[in-house]
Amino acid sequence: MRIHIATDHAGLDFSRHLIDHLTGTGHEVIDHGPQSYDALDDYPAFCINAAQAVVDDQAAGIEALGVVFGGSGNGEQIAANKVTGARAALVWNLSTARLAREHNDANVISIGARQHTIEDATSFIDAFIAEPFSDEERHARRIAQLAEYELTGDIAGKGIRR
């Protein structure tokens, strides 16, 4: 699987570990930055580029997921979710990692690098990658509603207020 990653300065050490780990388990890793430490770096472009690459790969039929991280993971998740077609989930334990895929078909995971040990964060990512989407009708329906709103600003028959 192709895995797109991005971080900010808070996650740079973790990104190096993650590249080695994921490559070692057979994944193709594409690093969207940063490449060097800068305490004043701006993470949005890194995370948006990673999320856009995931969406583009998936549209081309390439099996791909994304991992974005920073101090808390919050800003990185918000940035990734600005990309049409990205479904980024903030994950803080194994259960949320698995449910992000199983119920929400998330294609990007966001983790707070300062909130977890490297071992725990790596286990969340491994669980996220390994978990398939359930394809249950109720989950597929809800994901379709999110995509409809993202594209049209409405969810037909659901009373969206503008």
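Let's start with helix α2, whose buried residues are covered by elements that include β1, β3, α3 and β5. Keep in mind that this is a predicted model. Which residues of α2 are buried? They are Phe46, Cys47, Ala50, Ala51, Ala53, Val54, Val55 and Asp57. The helix runs over residues 43–59, and its end C-alpha atoms sit 24 Å apart, which agrees with the 24 Å that its 17 residues should span at 1.5 Å a residue. After α2 comes Gly61, with a positive phi near 85°.

Now for the nonpolar cores. The largest one has 21 residues, and the members that touch the most others are Leu18, Val67, Ile125 and Phe128. Two or more residues each come from β1 (2–7), α1 (12–24), β3 (64–70), α4 (94–102), β5 (108–112) and α5 (118–130). Of these, α5 gives the largest share, with 6 residues. Take Ile125 as a way in: leaving aside residues up to four places away in sequence, Ile125 touches Phe14, Leu18, Leu22, Val67, Ile109 and Ile111. Apart from this core lies another one, made of 14 residues, including Phe46, Ala79, Val83 and Ala88.

Ala88 brings us to a polar neighbour. A polar atom of the Gln77 side chain lies 3.1 Å from the backbone oxygen of Ala88. Gln77 belongs to helix α3, which covers residues 74–80. Is Gln77 buried or exposed? Its relative accessible area is 18%, and buried means under 20%, so Gln77 counts as buried. Around Gln77, again not counting residues up to four places away in sequence, the contacts are Val68, Ala88, Ala89, Leu90 and Ser110.

Definitions and conventions:
Residues numbered from 1 in each chain as written. Predicted model: local features only at pLDDT ≥ 70, side-chain atom pairs only at ≥ 80, totals over all residues. Heavy atoms only, no water. Core = buried A, V, L, I, M, F, W, Y, C linked by side-chain atoms within 4.5 Å. Buried < 20%, exposed > 50% of the residue type's maximum accessible area, 1.4 Å probe, protein only. Helix = DSSP H or I, 4+ residues; strand = E, 2+ residues; numbered from the N terminus. Contact = heavy atoms within 4.5 Å. Polar contact = N/O pair within 3.5 Å; in protein donor to acceptor, adjacent residues only side chain to side chain. Expected span 1.5 Å × (residues − 1).
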